[in-house]
Amino acid sequence: MVRITEVMRNVYQIDLEPGGYSNLVSVYAVNTGKGLVVFEGGPAVSSRDLVSAVRNLPGAVTHAFVTHVHIDHYGGTGALTGLNPNIEVYVHPRGSKVFPNPDIIWIPAKEAMGWLGELYGRPLEIPSKNARETRDGDRITIGDVTVEVIHTPGHASHHQSFIIEPWSILIVGDAAGIYVKDLDYIIPTTMEPLRFDMYVDSLKKLISRNPTYIAYTHHLLVPNAMDLLNRHLRQVDVWGRTAEEAVREGLGVKDLEGMLVERDQDLKRVYDRLRSMRAHYHLFGMAVDGLYKYYQGVEGRRQ
């Protein structure tokens, strides 16, 4: 069951609840006065729900923006071409080749994500004619709304985030973690393939933009954007130093998880509850593993 919430005037959060998992993946839609702009597309398994939700909103869909071509962020976007065959879909230039060829990302995603990847499903194809490649710093005005494009590599080489004016809403994608509101905890999005150095630089870049609101794909819009971004920056400093130490000492991934529970005080507070949340704990495990493997690579290059 899809939940649609008007989080502020003309801005809608669509909780897609893929596979019945609520509070996991959201898409955002904005009424520009000249139609609807959709941010993110959710996984393919939720594509019919996405179309149904968009049809229930005022205005016809004209544009879509995807932060990156991972299966839970863009997989259902292709369904929007059924509502508007001429929809313009903005994507990082390193990700556009995936649109007509989703197996490029689907095959490795199934292996990396396991049962959750299978649940999300194979992304829908998007014709190349609908793709609009972005440049860092682009400003795209659609009706009463302006979207600023910010390239934010790290979680993925083709990651981008967006600031929507006039509200100063940051559509963050996976550039700054997964916010679990029920726990008031951020799971770092440090899954493979990770460039942790770029992840940190991109996080600092977003902080420099001073957004008012932050809209997480995982999974909601909240007002204290700067507090959360700065909290996450402090958190990943702890995670990074801990992972580097674990690899240097020859410890394993489960050892690293135990070390993080002791050193990330917010994690220590919520760890038992997090473990009971099947999808979120799975993503947490992927994040720990991705950071561990990143530092394994760093250590290997030193030798």
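This is a predicted model: local features need pLDDT of at least 70, side-chain atom pairs count only at pLDDT 80 or more; totals for chains, interfaces and linings use all residues.

Student: What makes the contact of α7 with α8 roughly perpendicular?

Tutor: The axes of helix α7 (residues 253-263) and helix α8 (residues 265-275) cross at roughly 110° and come within 5 Å. Angles of 65 to 115 degrees count as roughly perpendicular, and therefore α7 is described as roughly perpendicular to α8.

Student: Which residues meet there, and of what classes are they?

Tutor: From α7 come E257, L260, V261, E262 and R263, and from α8 come Q265, L267, K268 and Y271. By class, the contact has four nonpolar, one polar and four charged residues.

Student: Which residues of α7 are buried, and against what do they pack?

Tutor: The buried residues of α7 are L256, E257, M259, L260 and V261. They pack against α6 (225-248), α8 and α9 (278-302).

Student: Why is T242 called buried?

Tutor: T242, a residue of helix α6, has a relative accessible area of 2%. Buried means under 20%, so T242 is buried. Leaving aside residues up to four places away in sequence, T242 touches L256, M259, L260 and R263.

Student: How do you know that the side chain of T242 makes a polar contact with V238?

Tutor: A polar atom of the T242 side chain lies 2.7 Å from the backbone oxygen of V238. The cut-off for a polar contact is 3.5 Å, and the distance of 2.7 Å therefore falls within that cut-off.

Student: What makes the pair of R139 and E148 a salt bridge?

Tutor: The closest N and O atoms of R139 and E148 are 3.8 Å apart. The nitrogen must be within 4 Å of the carboxyl oxygen, so the pair qualifies as a salt bridge. R139 is exposed at 53% relative accessibility, because exposed means over 50%. E148, in contrast, is buried with a relative accessible area of 11%.

Student: How many salt bridges does the structure hold?

Tutor: There are 18 salt bridges in the structure. One of them joins D184 and R231, with the closest N and O atoms 3.2 Å apart. This pair links distant parts of the chain, since D184 is in the loop between β12 and β13, while R231 is in helix α6, 47 residues apart. Another salt bridge is formed by the side chains of R195 and D197, at 2.7 Å from N to O.

Student: Why is D184 called partly exposed?

Tutor: D184 has 30% relative accessibility. Buried means under 20% and exposed over 50%, with partly exposed in between, so D184 counts as partly exposed. R195, at 38%, and D197, at 33%, are also partly exposed.

Student: Where are cis peptide bonds found?

Tutor: The peptide bond from E192 to P193 is cis, with omega near -10°. Another cis peptide bond joins H218 and H219, with omega about 0°. P193 is placed in the loop between β13 (185-187) and α5 (196-208), and H219 in the loop between β14 (213-216) and β15 (221-222).

Definitions and conventions:
Residues are numbered from 1 along each chain as its sequence is written. Side-chain values use heavy atoms; hydrogens and water are left out. Helices (H or I, at least four residues) and strands (E, at least two) are DSSP runs, numbered from the N terminus. Axes are lines fitted to C-alpha atoms, for helices over the stretch in contact, and angles run from 0 to 180 degrees between N-to-C directions. Angles under 35 degrees count as roughly parallel, over 145 as roughly antiparallel, 65 to 115 as roughly perpendicular and the rest as oblique. Contact means heavy atoms within 4.5 Å. Ala, Val, Leu, Ile, Met, Phe, Trp, Tyr, Cys and Pro count as nonpolar, Asp, Glu, Lys and Arg as charged, and the others, Gly among them, as polar. Buried means under 20% relative accessible area, exposed over 50%, partly exposed in between (1.4 Å probe, protein chains only). A polar contact is a pair of N or O atoms within 3.5 Å; within protein, one must be able to donate a hydrogen and the other to accept it, and residues adjacent in sequence count only if both atoms are side-chain atoms.
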